[in-house]
Every structure is written in C-alpha cells, then in structure tokens.
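This briefing covers a ligand site and a helix pair. Please have the structure open while reading.

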Amino acid sequence: MLSDHYPIKEIQQIIGASGTIINDNTISTLLTDSRRITNASEGLFFALSGRRNGHEFVAEAYAAGVRNFVVSHQTEIKMPEANFLLVDDVLGALQKLAAWHRSRFNLEVIGITGSNGKTIIKEWLYQLLASDKTIVRNPKSYNSQIGVPLSVWQIGEKDDLGIFEAGISTTEEMSRLEAIIKPSIGVLTHIGPAHDEGFKNRKEKVLEKLKLFAHCKLLIHNYDQLIDYKKNISVKDCFSWSTKFNQADLYVFAETVISRNFYLRAKYKGKEIECLIPFLDEASVENAIVCWATMLAMGYSPVEIDKRIERLSPVSMRLELKNGINNCSVIDDSYNSDVQSLEIALNFLNQQNQHPTRTLILSDIFQSGLTQDILYRHVANFIKTKKVDKFIGVGEALTAHQDYFSLDKKYFYPDTATLLQYLNSLNLDNETILIKGARTFEFERISQALSLKSHETVMEINLNALLNNLNFYKSKLKPGVKIMAMVKAFSYGSGTFEVANMLQYNKVDYLAVAYIDEGVALRQAGVTLPVMVLNPEVSAFDKLVEYKLEPEVFSFNLLDEFVKYFQSHGLSNYPVHLKIDTGMHRLGFEDFEIDILCDMLEENRYIKVQSIFSHFVASDAKEHDAFTQKQIKRFERAFTKIEKALGYKVIKHISNTGGIIRWPSAHFDMVRLGIGLYGIDASIPVESKVLQPIAALKTSVSQVRKVLANDTIGYNRNGKLNKAGKIATVRIGYADGYLRAFGNGVGKMLIKGTLVPTVGNISMDMCTLDVSNVDVREGDEVIVFNEELRIEELAREIGTIPYEILTNVSQRVKRVYFYE
Ligand SMILES: *Cc1c(COP(=O)(O)O)cnc(C)c1O
C-alpha cells in the first residue's frame, strides 16, 4: 500500500523499535506478504506471525529487493544492506504506525462495523458520495487487524473523506481498530450470528462492536437492534432507522415492488419521503436503507439521495476466472476500477502460470484523487513490476498518457466500442487476460466477447474457500510437517491448473495425481511443485521423465521396469515414492516383501527414495480404529527397516484427510490432504463451519408447465404428481453428472430458497422438478448443490459418498473460479 514518504529513522521512533539503522532509506509502502512485493526499494516489510511465521519470509523479501524490516528477532541469514527494526510485537508496530499516520490528517472518517453488509455499504457509500468528495477506503474487505492499518496507510493530503470498515472476531480487537481508524461518523450495520463463537454471548459481541464509535460525534444505526443498549452508547448524536418503530428518525413504513426495483416510503422529520432501490433481495434493500439513513444524517436532501440511490450498481468483490476463446483464460473484474483493486487483481493475474502471456485490459481510472499525470505514471510503473506482457488501454485519459507505458505490446482505444471493433485483429491467443474497467465502460461486453459460450449449467469454485480449508488443516499440523495436496481426477472435479496454481502460490509442499497425463497437464500449465504420480503406466515413462514427475513404486515388477528404464537412459538417483500395503490390499509392498525390497534398494544408484508411504483404509471410522492402529504399526515397522537399508532419511506419510484430524500421532513427516481441501470431512461437524465447501453446481429453468393429476412426466411414464400442479424442466441430466438415481423424488434442488423434488426419470441432458408450490419463471437459477444444500446430503440420498458426487460432474459443465 502506497502512501506518503517517511524516513526510516522517524518510523523507528514512532513504533519505538531498537536496532541500528545502516541506510537512511525512505519508506512509502507497507508490505506483509513476501509474494506480493511492490515498490521494494521504498518498502517496509513486517514479519507478522500468522499461520506461518513471517520471519521465514524475510530472506525472500530481501531477495526481491526489500531493505527495511520490522521483526521481533534477528534472523540468522546475512542481509548486509538491510535495516532491521526490532520490536516485541510486530503487528502492534504496524498498527501503531498506521494510527500515527492517521493522526496527521484532519479529514472526516466514516467507520463501519456490524455482522453483515459492511463491505457493500462501504462501497455503496463510496458510489453515492464520490461525486462531491475525494474518498479513501479499504480495498475489498480489508477490515482485519492487518487489513485496517494497511487501508488507513493510504490516506493522503488529497482525501477529504475516509470510509473504513472494521471486522472483529473476538473481544479486545475493536479498540485497537478504533485507535487506527478514529472515525467521526459511525455506521452500525446488521448484527447477526456471524462470529458469535468468538464471544461469550450476543451482548458481549454488540458491546465490543460499539467500541468503534467511542469518539464519534454521529452514529447511524437500526433502532430495533440497539433498544437494549441505549445506555451503552456514548455518542451524542444518534440517527436511527426502522421498519417497525415510528420513533426512529427514519421510519420506513411502506414498500412496493415496481418492475425490478424496490420502492420505499418513509417518515422523516414529520414529512413523507421516498426512495427507489434498484435491487430486490432483502439484504440489498436493508443495506440501501442504511446508506439512505447515513446520507440523511450527513445532511443530504431526500430528493438528492433518491436520485443517487436509484443509480447504485451491484458490488462485486469477486474476481472471476473462466475459460476464454482461443485457449485463453479470462479474469473478469469488470465492475470497478481503482488503484487498490487493480493491485489485488494484478497479483491474482501474476499468480497464473497456465499461459505464456499475461494481458491486461484496463479502462481509465476515475476519482483517484491524483492528477492524471501522477496516476498513470504510477499505473504504468506498477504494471511493469507485475510482469504484464501485453497492455490494452481503453479511454481518453489512458490514450493521452500512452507514452508512460514502456511495454512492447501496447494498444490504446478511445472507448469500449472501438476496442470491440478491433478485438479480432488483436489475435489474443493462449493468454491470461485480466479485464478491469470502471462501471461506465461496460467491460462486461468485452468479457462476453472473450469468454467461451456454454450452456447455463456451471460449477462455481470458490478459491477463497479452498484457501480457508488449506489453512485450517495447516493449523492442525506440528511445525515442519509437510502437506501433499491431492489433485487427482481434476482436483476431485474442481479443476486442474486453477486449483494447482492456488496451492502452489500458497506453498503446499507436494502435489499428487493419479496418472502421468494429469501430471503433464499441470507442468504444461506452469506448475513447478514436485508432483507424485500414484499409478504410473510403463508406456508413458518418457513423459514422466520429460516432465520431472515422481512415480509411486508399488511392486517388484514396477521397480524392475523403472530400474531398467533409468539404466538404459543414463539416469541415476531418480526420485521415487515407495508404497507399503498395510491393509488396503490394492497396491504396495506387503510385510513379507519388505526384507527383499531392502536388499534390492541397498546401493541401488538408479533411484532415490523420496518418501515411503501407505494409505489408511478407514481413518474416519471409529468402528475401525483398532485396524487403523494396526496399519500405523505395520507402517512404522516397514519404514524403519527400509530407512536403515537405504542409509538416509526419507519423508514418511500415511494420513489422508480423515487421518489429519483423527490421528495426529500418525502425521509423521507429511500428510496427504484430499477431500478436506474441497470442504468435506466426515470427522468435522458441518455446523462448525470451519470448512467451506468450495463447489456450487448451478443450473437454470428452461421451461415451466402445468400438468394434470393423471399426466405422466418423462421417459417410461414414471413421473406423476398426486394432484394437478406445475413442473419445471432444468438444464442438467445424467450426462452432466446428475445421476439417474436422483430421479422420481429421490433428489432435491433449491429454487429461491425452497427445496423441490425431482419428478420422473432423469434424462441425459435435463430433468424435471415439482414446483407446484414455488413461484418459478423461465431462466430462474436452480441450485443442485452449494454450501446450503450439501454434497454430503446428495450422497446420502442415493447411497454413495461425496467423492463420487464431486468427481461425477462432467467436463461439459463449465467451471468458473472466484477469488476475492
Ligand atoms: C486420494 C488419496 C488420498 C486423499 O484421500 P482423502 O480421503 O480425499 O483425503 C490420500 N492418499 C492417497 C494414496 C489417495 O489416493
């Protein structure tokens, strides 16, 4: 995050750090992630300890050019040019620095907290106020103990309003954030159950949230929610809204739906006022009312507010990654454009290795508060550091400043229509394309032109959920235990390089695939992590070696084949993984074969044993715990002998997902994480929500029709409603992976929050649902599974396991990836 410049000596004083300054550097940028270094020479790296200790990454940051560090202890590695500022509490130092920076500016600041809607309300207030204020705000939802200081650090002379959201998950966090944000106007959004688990009770949570408003002169809140807390509020001037109580300052008493809008009427200062909200869902309407109340409290006229709210546009914090034409990948971020979100989107682009070329399509950036000269100089510089190969600028301003961009491949167009006209002649091919534009540029038209057409059934993959799950399992491991992520069978149906790229970026240690082809596909997509192949086929050894894949060796036959192959190709010390059969009885060396195996391995110079492993039969099933224990014993016996024969240490691993939680004593040197990564783990209660399912399968209604009581529906006349009713035909069938077993009422789908059963047989490309009791229209979205209608439930319905449901979703169903 970029800001003013401070001499490092001054920063040392501000945060009260010891250590000697070797170089008098100037600092403008705060860094917390060694993978996301920008502006290294003016950067200050904070070695924060999260799930990994930030001190482990100091050397990496140094290699990337960073010369200034805040640490809690010195590292051993020599970094002769670096300044080290020593503090007890690195996070505390980051917060202190941000608070000090904040204190230098005398601008109005709106502080937002609550359980839901913080980010939307922040973004909407930004949309509503940007025409008469220069606004600084959190990028995306950077509202944590780390995100808030980084956000506040962006405040500059140019700004006349700050809008910052603050999120907390437990007690004593809010006062720290208050000291950094120092809001003068407070906004409390909806309070719901989110993060209840971090507090004794709801009251404790509300009181903690209210601490953000300790020094506010004005607070906007929902009347109903704070009835019980009146005496806990110290703010002088409160502005409340309600849909139930007419004592509220803004009392919303009537609502009507007019086409796609929500029309509200309210009492305000004894008069009747109105507002048209361009959204229909409950959450959006409530968020818009909060914005309405906030603007009234700030003194805007009801008529002006109505005019602005009518033009609110949806907020998408998500980046969408999907397949494009001509073997391209498209990252769609076509809803907003500002410097901070550009930085985040470019980091995501940078993380993609699947194509040789990275392309950015960018529109003019509005309301940055910078002069165009400074803005586009900064943008150009930034694009350079993020390794963009091709730049396509759209807009008058970018076109006017094209000389700042020093890439070979750059193209400029005055507007979106002109770019669309020339799109074909750009010959975009085998590239990762980031599309990022301000709302008015309507870049969704570009996104449509570049994306692959497909039918309307898609599987959405939430990459943040993937990361959440990975981090959850990481937190269950002792330091030093490695993670092998199982990405066989298209990552359990979730994708190939999209998932692997994410895992590589977030530093898992190993990947595993079932077949050599799967490994080759990962390598071709730029994945460089070591990859183990579970079932290597002799016919593809050439490929295995060419792509540096590491085979599992599970039998004497296979061992012979490999040794022969390596010998005849002049290879030695090729990394392999030995599989021990401790009870599964599929692949692997058995107890009685271990001694012979040891003899064969001794002094064998063709192979290098990288790891020894086995596989649990039922690690998640209590009734088989005695057997699991036996497996562990057998495994220990086998690897002890083999390591002795080899004369060197190897990685030992046996735990799959179930083993990670239930058998911590069997983690050994590495665990193999499969289904848990995708959000499913039988040993973790679904209600705990610590895991998030990463996949949602969605389709849509192609036709709705009435049927009579004795009509039959579908093939073989199996479907019938008990009385006259209504059915919806939806665009998914057994060829998409929605198995025939779901037919005739066994399976259920979600339409507008209501569960509806199938009726009749499932066809190849479609099926029918009984929607007699739901208001359904053609085109409506239908959920096959998501975080609400769980895969576990579908599996239960047809007597199978979640693995089969996931991997059955056919390749014809388009995958779309989301990342926030
Ligand atoms: C698939 C697989 C795993 C992962 O199992 P999960 O139950 O999905 O965690 C681990 N090890 C091997 C050998 C596998 O084939």
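A polar contact here is a pair of N or O atoms within 3.5 Å. The model is predicted, and the distances below refer to the ligand and its surroundings in that model.

- Thr 657 places a polar side-chain atom 2.5 Å from an oxygen atom of the ligand.
- Arg 672 has a side-chain N or O atom 2.7 Å from a nitrogen atom of the ligand.
- For Ile 675 the backbone is involved: one of its polar backbone atoms is 2.7 Å from an oxygen atom of the ligand.
- The protein buries 93% of the 380 Å² that the ligand exposes when taken alone.

**Shell around the ligand**
- Besides Thr 657, Arg 672 and Ile 675, the residues around the ligand are Met 486, Lys 488, Tyr 492, Leu 534, His 615, Asn 656, Gly 674 and Tyr 803.
- By class, this shell has 5 nonpolar, 4 polar and 2 charged residues.

**Helices α8 and α9**
- Helix α8 spans residues 282-297 and helix α9 spans residues 302-309.
- Their axes come within 10 Å and cross at roughly 145°, and the crossing is right-handed.
- On the α8 side, the contact is made by Ala 288, Trp 292, Met 295 and Leu 296.
- On the α9 side, Pro 302, Ile 305, Arg 308 and Ile 309 take part.
- The contact comprises 7 nonpolar residues and 1 charged residue, with no polar ones.

Methods: Residues numbered from 1 in each chain as written. Predicted model: local features only at pLDDT ≥ 70, side-chain atom pairs only at ≥ 80, totals over all residues. Heavy atoms only, no water. Near = heavy atom within 4 Å. Polar contact = N/O pair within 3.5 Å; in protein donor to acceptor, adjacent residues only side chain to side chain. Areas by Shrake-Rupley, 256 points an atom, 1.4 Å probe, with all protein chains shown as cover. Nonpolar A, V, L, I, M, F, W, Y, C, P; charged D, E, K, R; others polar. Axes fitted to C-alpha atoms, helices over the stretch in contact; angles between N-to-C directions. Helix = DSSP H or I, 4+ residues; strand = E, 2+ residues; numbered from the N terminus. Left-handed = near helix turned anticlockwise from the far one by under 90°. Contact = heavy atoms within 4.5 Å.
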